[in-house]
Protein chains: 4
Amino acid sequence: MRIDKQQLIQINDQALPDHRESFGHLSKVLAKKGLDANEVIKKLQAFQVAIPSWALGTGGTRFGRFSTGGEPGTLEDKIGDVGLLHQLSQSAGAISLHIPWDIPGDVQAVKALADSYGLAFDAVNSNTFQDQADQEHSYKFGSLCHVDKAVRQQAIDHNLEVIKYGDALGSKSLTVWLADGSSFPGQLNFKRAFQRTLSSLQEIYAGLPADWKLFVEYKPYEPNFYSTVIQDWGSSHMLADKLGDKAYSLVDLGHHLPNTNIEQIVATLMMVGKLGGFHFNDSKYGDDDLTVGALKPYQLFLIFNELVDGMEDPTSTNPYPAWMIDASHNLKDPMEDLLQSLEAIKLAYAQALLVDRAALEEARENNDPSLAQEILQNAYRTDVRPLLAEARLQSNGALDPVGAYRRLNIRKELISLRGAKTISTGL
Amino acid sequence: MRIDKQQLIQINDQALPDHRESFGHLSKVLAKKGLDANEVIKKLQAFQVAIPSWALGTGGTRFGRFSTGGEPGTLEDKIGDVGLLHQLSQSAGAISLHIPWDIPGDVQAVKALADSYGLAFDAVNSNTFQDQADQEHSYKFGSLCHVDKAVRQQAIDHNLEVIKYGDALGSKSLTVWLADGSSFPGQLNFKRAFQRTLSSLQEIYAGLPADWKLFVEYKPYEPNFYSTVIQDWGSSHMLADKLGDKAYSLVDLGHHLPNTNIEQIVATLMMVGKLGGFHFNDSKYGDDDLTVGALKPYQLFLIFNELVDGMEDPTSTNPYPAWMIDASHNLKDPMEDLLQSLEAIKLAYAQALLVDRAALEEARENNDPSLAQEILQNAYRTDVRPLLAEARLQSNGALDPVGAYRRLNIRKELISLRGAKTISTGL
Amino acid sequence: MRIDKQQLIQINDQALPDHRESFGHLSKVLAKKGLDANEVIKKLQAFQVAIPSWALGTGGTRFGRFSTGGEPGTLEDKIGDVGLLHQLSQSAGAISLHIPWDIPGDVQAVKALADSYGLAFDAVNSNTFQDQADQEHSYKFGSLCHVDKAVRQQAIDHNLEVIKYGDALGSKSLTVWLADGSSFPGQLNFKRAFQRTLSSLQEIYAGLPADWKLFVEYKPYEPNFYSTVIQDWGSSHMLADKLGDKAYSLVDLGHHLPNTNIEQIVATLMMVGKLGGFHFNDSKYGDDDLTVGALKPYQLFLIFNELVDGMEDPTSTNPYPAWMIDASHNLKDPMEDLLQSLEAIKLAYAQALLVDRAALEEARENNDPSLAQEILQNAYRTDVRPLLAEARLQSNGALDPVGAYRRLNIRKELISLRGAKTISTGL
Amino acid sequence: MRIDKQQLIQINDQALPDHRESFGHLSKVLAKKGLDANEVIKKLQAFQVAIPSWALGTGGTRFGRFSTGGEPGTLEDKIGDVGLLHQLSQSAGAISLHIPWDIPGDVQAVKALADSYGLAFDAVNSNTFQDQADQEHSYKFGSLCHVDKAVRQQAIDHNLEVIKYGDALGSKSLTVWLADGSSFPGQLNFKRAFQRTLSSLQEIYAGLPADWKLFVEYKPYEPNFYSTVIQDWGSSHMLADKLGDKAYSLVDLGHHLPNTNIEQIVATLMMVGKLGGFHFNDSKYGDDDLTVGALKPYQLFLIFNELVDGMEDPTSTNPYPAWMIDASHNLKDPMEDLLQSLEAIKLAYAQALLVDRAALEEARENNDPSLAQEILQNAYRTDVRPLLAEARLQSNGALDPVGAYRRLNIRKELISLRGAKTISTGL
């Protein structure tokens with residue numbers, strides 16, 4: 001389905017007077033601080049976040065899964081759902097596919113469909129943490145790290161195949177997340193598992209097209225509960241470093257031990273030019289995969305503060321990172337969850353853009369933590385929602401995406417199209 | 001299947017000379033400290049741990065599930081598997097059922113079958129964290145805490161039905177574990193959710209037979225990722241206290257925040273006579289449900305040190321607790337995992353029985369932490385495996401249960417009986 | 001020292017036009033939502049937070065302490081510093097004393113001095129976690145829980161003496177925080193330690209004036225590193241419950257294990273009418289005692305959301321809680337740190353006051369977590385700083401307290417008055 | 001003081017018959033498994049752990065410090081105390097100095113004194129986390145990372161001076177632990193702080209004698225509470241890698257976030273030949289600096305399992321690591337605490353030496369986690385105390401070091417020599 005543009009304009013129109021007033025006030029306040037609201041808006045408009053195909057359906061836990069109706073059952077449906085998100089938010093201009101679930105049948109048709117929604121194909125994701133029905137070897141005891149070369153080869157081949165599909169669609173990067181690890185002390189030879197993983201990644205890396213990047217994700221635990229082969233950024237960086245210039249680390253917000261200073265990891269990786277991508281979500285306990293900004297919005301702002309610092313530094317060697325939401329929606333309508341996540345990401349980005357960096361560096365040079373905090377919090381406490389709304393308005397999106405989604409009865413529409421019992425594939 | 005007694009004797013016989021020597025040495029060492037090995041052995045023999053029916057199959061995570069073959073598909077199969085565990089270990093003399101999966105057809109036949117293996121029926125477990133196919137109301141947003149009285153009533157009725165099944169089989173307690181909670185700030189009114197839960201539990205409590213106990217389990221998170229209605233022992237105790245004399249808290253080792261001092265919770269609950277039961281497992285990160293003793297055997301010993309202190313205190317008002325393993329086996333053969341868990345539990349129990357309590361109290365009175373540590377570690381560092389082996393030997397179990405299980409090719413046998421693709425029910 | 005009122009007016013005047021505009025805009029926005037800015041302002045003005053006397057000097061860690069100059073050396077100086085904070089912020093209308101460091105010499109003079117600054121005497125704090133030079137018995141191995149009755153008696157007597165001092169000054173509550181616990185497994189008999197603590201508290205409780213309250217604080221660890229006698233809210237509540245109607249739990253934000261859902265604890269304690277007081281601070285790792293709101297401002301808002309819910313509930317039996325900042329300032333000027341903390345507290349309070357509670361409850365009744373989140377975040381994302389500024393302005397405080405503090409060169413002034421090397425007493 | 005050899009022999013003699021019997025039994029058990037007890041004993045005898053000079057006195061927390069009497073006030077006293085520990089345990093054959101507290105006056109006399117106790121000088125430790133009375137610049141806002149080059153230079157010069165002292169005494173390595181970091185978001189520019197630290201370390205590295213090593217320690221937090229410049233092994237490794245072949249990472253057990261898999265870090269660093277040293281201690285919550293093995297003895301064993309794997313691998317490029325205890329003794333007699341720590345370290349080492357590595361690798365190749373666990377736990381559950389006792393006996397140490405220490409009334413003796421109020425220097 002596609003949203004009728006006139007309907008969206010009508011919905012926006014009702015909120016327009018209040019928006020104009022708030023935006024006008026904010027623009028004046030920013031102007032007094034030497035900030036041009038339009039410059040911020042341009043950056044907000046340029047900031048696009050990929051939606052992974054698996055996030056369009058209801059997620060679950062090992063204790064159960066409670067589906068929402070109208071979930072997308074095909075790649076075309078998934079592209080359609082991201083199209084809806086993008087039309088409303090003007091922020092979700094890409095889709096990130098998960099193979100084997102999203103293998104395109106007719107590549108040209110799929111590309112044309114995505115194009116019709118203004119969507120690009122972001123990083124493609126391989127999957128070696130589940131066994132598929134027709135699979136020769138099991139990944140129960142690992143994939144790229146497996147003791148058996150045949151299993152490793154199967155996983156390598158799968159990744160090479162994923163690159164092939166991605167290449168056909170116009171993707172430019174491969175994200176490798178490995179569940180490989182162990183659940184019991186003694187189970188794994190840490191060193192050999194690392195070496196085997198490196199060796200497998202080298203074979204995949206060799207198959208990468210010249211203009212592609214390889215993202216090496218890390219995670220401390222789950223689904224394995226004692227060790228993970230790529231347990232932290234240090235391990236990921238060691239691999240990316242040994243692989244070569246096209247390999248980078250990928251940071252997923254939920255993949256850290258309690259209390260980790262993630263913003264410092266982001267800064268460190270950007271310092272050495274090796275931050276390739278970012279997976280957004282939020283969590284309180286583990287890799288909870290909750291709506292971005294639902295729990296720790298200030299941490300998200302602090303991370304964006306480092307990202308902006310790196311992105312705006314002309315001397316930085318770090319490439320522009322790939323942005324993706326990696327969340328799981330157990331209770332909320334997945335579409336609403338994603339719209340809320342997009343909003344939270346851009347709020348943090350906008351706040352980070354307001355930070356007075358020259359003043360901040362001066363406070364740092366003066367060892368003035370009180371002032372440094374004032375500077376950060378002045379930006380964070382600013383109500384930047386009118387900037388996001390204006391950016392969307394100028395791009396023909398919705399002033400209030402979640403509100404419009406509800407007013408337009410989109411879920412009801414999807415259920416009537418697809419049925420109340422469809423279950424999305426790919427986790 | 002049942003193990004041939006002669007075969008087991010033959011297997012034991014090969015290891016007997018070494019065992020006799022080790023047991024003889026240990027008995028002498030203990031005797032010099034004034035400890036009678038036979039007294040310890042009697043206590044070890046009396047200590048029986050219930051096996052939950054769901055632990056007999058391969059568990060999974062939200063990322064996938066890799067089955068073992070030969071899993072039990074029926075209640076009868078499950079009883080048979082516990083029977084095998086008990087025959088080998090002489091420590092698993094009870095089964096704990098999970099309704100709706102383990103509803104007995106012919107109650108008398110099921111009782112007779114269990115009896116033939118020397119098994120009792122321990123606490124019965126209700127299930128309101130998944131939706132069953134034929135269920136009228138969904139538990140997506142809670143069960144006993146739900147905002148809708150109809151959903152609560154359905155969950156209450158289910159619990160009353162579980163009591164009924166348990167009563168027929170000879171169980172004497174109901175364990176209530178609730179997944180109820182919220183995944184997002186704002187979702188739940190904490191106070192009303194608690195009050196509704198209390199009210200629902202009161203209705204269940206009212207249906208409890210006179211000689212039954214109700215165990216209120218707690219857990220900080222998962223499957224909900226922001227709050228759980230019964231998040232900690234304080235909440236569980238508040239409920240048990242308000243419910244009445246037949247209600248108790250149940251401690252599951254994996255249901256605690258990082259670094260929690262669980263042994264102190266155990267001591268506190270026993271102090272007020274409200275520790276009803278215990279779920280054993282082990283973990284490194286969250287509720288990982290790993291083999292007991294696989295990660296933190298010293299913590300397990302410290303917990304048993306408190307349990308023994310409470311159990312051996314003639315002034316204690318605490319009832320004898322219900323013991324159960326609550327683990328999930330993603331990688332290991334479930335039967336081997338359970339045998340290792342039983343061993344770890346009894347090792348900790350045996351070590352705790354060796355603690356010189358009079359000397360320990362004296363060290364405490366003298367504010368002598370070095371000596372107190374020496375006393376505990378003297379017990380912990382003792383190799384008590386010969387005590388466990390002797391206890392099993394005297395009860396016609398296996399000297400080395402995991403070894404015997406492998407020598408007897410039990411898994412292979414089960415696969416040939418039940419097939420390589422059967423999947424156990426009940427999580 | 002006292003701030004010249006005219007100087008403050010001049011400083012405010014420069015920022016007044018911008019403030020008027022922002023406040024005007026915000027008032028209109030709120031009015032459209034049916035909220036009266038003046039009602040919020042009245043509540044903000046009434047909300048006063050006590051400053052503990054020890055927070056006026058530079059704190060330290062076991063690794064060292066780096067003093068700021070001009071620290072208050074006497075009780076009179078401390079009252080003066082709180083007076084300055086209150087004059088600027090109009091939010092710090094009370095001081096919380098720490099005995100033995102703050103024993104008043106001339107009670108009437110001290111009362112008159114505090115009165116001249118508009119300050120009340122909040123909860124008094126006993127200290128049994130350090131040994132004083134003239135002390136007969138050591139608290140190395142505990143105070144109220146000590147195995148030796150003589151030590152317990154000394155600690156009891158100290159608490160009774162603290163009540164006496166507080167009573168003379170007009171305090172109405174005693175806060176008991178105990179370092180009591182153990183650093184090694186085995187060191188302490190958990191149950192006896194708890195019973196001795198209860199018994200000691202009962203003796204203190206018996207000495208409480210009729211209109212006083214006793215606050216029982218809890219903390220999981222530090223300075224003891226294995227166990228704390230009152231390790232969590234459950235233990236604190238058990239004690240308060242056994243003590244009687246005048247005893248309450250006190251929540252200190254930093255005194256929780258990683259990932260604890262503190263807002264749920266707050267709600268639970270208020271539900272049973274037993275939340276007595278609150279210690280504000282912030283932290284990333286442990287009891288870091290950082291500036292309030294410096295790390296987790298959204299968590300603070302969620303806590304205030306529960307506090308407001310409880311305070312505004314006419315059926316609640318919970319008394320109005322005592323508010324105190326309990327922070328330690330290792331790097332910042334303590335006065336600036338406290339001004340930032342006061343601002344963060346009131347921001348969270350103001351945001352919580354903006355929550356549309358009727359709509360929130362409706363969303364909860366409808367199991368609509370997306371909408372519940374929208375409602376909370378709409379309040380949180382509102383820039384409420386103009387409300388705080390206006391509240392201060394109307395009370396003759398500073399529009400920008402930290403800015404004014406710097407413009408007025410207060411630290412420089414204090415150093416010239418008291419010297420660069422003075423070190424504040426009381427931790 | 002020195003222990004009279006005859007007295008020690010007499011004490012040992014009383015326990016000798018029991019020891020002979022236990023050792024004889026264990027030797028036979030090991031022999032049946034193909035293990036030669038004497039080979040293990042030789043390795044145990046060769047394993048020497050350095051004692052840091054600061055660990056000989058009573059430690060404290062920010063909440064207070066409760067001294068033990070008889071603490072060493074001079075470098076000579078400290079050497080004497082380590083001499084006593086070594087005489088009893090035959091395991092503490094080195095002392096690790098902390099400058100500025102342990103600057104030797106007469107180098108030759110100090111060397112001769114150490115030599116008379118059989119002690120070597122292990123890694124020297126610089127100190128830039130406190131300000132000394134005569135210091136020109138303050139380290140309040142960092143040392144090697146400081147924004148001001150003059151402060152950095154002071155810290156660099158201090159480190160170079162430490163090398164000079166160490167070189168004179170025969171040390172061969174410098175350990176750099178930095179408190180540098182920040183307590184508030186915004187305070188520090190992460191990237192510049194890292195670069196400045198690297199640059200400072202390069203200047204220190206340039207001053208390293210040819211046969212020296214530089215150990216770069218890491219720690220996530222404390223005394224800074226938001227960020228630490230060298231927050232984790234990844235950061236430490238990045239620095240060591242950039243510094244050169246003589247630079248290594250140093251792992252301190254207490255310097256990790258909750259739940260970190262430290263054994264995997266150890267394996268990874270050894271894999272790349274970059275594990276330089278190890279600081280032993282134990283903890284439950286943070287950097288608690290408790291007695292080694294007091295909380296998590298199994299984790300210690302798992303770490304030793306990796307250490308032994310690396311040390312016994314002929315293809316490994318990792319140098320033999322430096323071993324040191326880094327603990328703080330708030331409650332126990334420091335000497336007893338250290339004796340208990342030495343025992344725990346060697347127990348874990350001995351257990352790790354018993355692991356059947358060939359069988360373990362085979363189980364790993366077969367994806368057999370149950371068996372891998374059996375193999376590890378068979379080693380861990382073995383009571384190896386007789387091996388340690390025999391190793392000490394053969395080296396003229398005490399069969400039971402803590403027991404002998406008490407029997408010999410050493411603390412009483414030290415108090416009579418040095419007084420009850422002496423306080424050890426250096427933290």
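**Chain A and its residue A:I375**

A:I375 sits in helix α12 of chain A, residues 369-381; a helix here is a DSSP run of H or I with at least four residues, numbered from the N terminus. The model is predicted, so local features need pLDDT of at least 70 and side-chain atom pairs count only at pLDDT 80 or more, while totals for chains, interfaces and linings use all residues. Residues are numbered from 1 along each chain as its sequence is written, and side-chain values use heavy atoms, leaving out hydrogens and water.

User: Why is A:I375 called buried?

Analyst: Buried means under 20% relative accessible area (exposed is over 50%, partly exposed in between; 1.4 Å probe, protein chains only). A:I375 has 10%, so it counts as buried.

User: What is A:I375 in contact with, leaving aside its neighbours within four places in sequence?

Analyst: Contact means heavy atoms within 4.5 Å. On that basis A:I375 touches A:V355, A:D356, A:A359, A:L360 and A:A363.

User: And how far is A:I375 from A:R196 in space?

Analyst: They're 47 Å apart, C-alpha to C-alpha, and 179 residues apart in sequence.

User: Why does the radius of gyration of chain A agree with a compact globule?

Analyst: The radius is taken over C-alpha atoms, and the globule rule is 2.2 Å times the number of residues to the power 0.38. For 427 residues that gives a value near 22 Å, and chain A has 22 Å, so the two agree.

User: How much of chain A is buried?

Analyst: Buried residues make up 70% of its 427 residues.

How values were computed
Chains lettered and ligands numbered in written order. Helix = DSSP H or I, 4+ residues; strand = E, 2+ residues; numbered from the N terminus.
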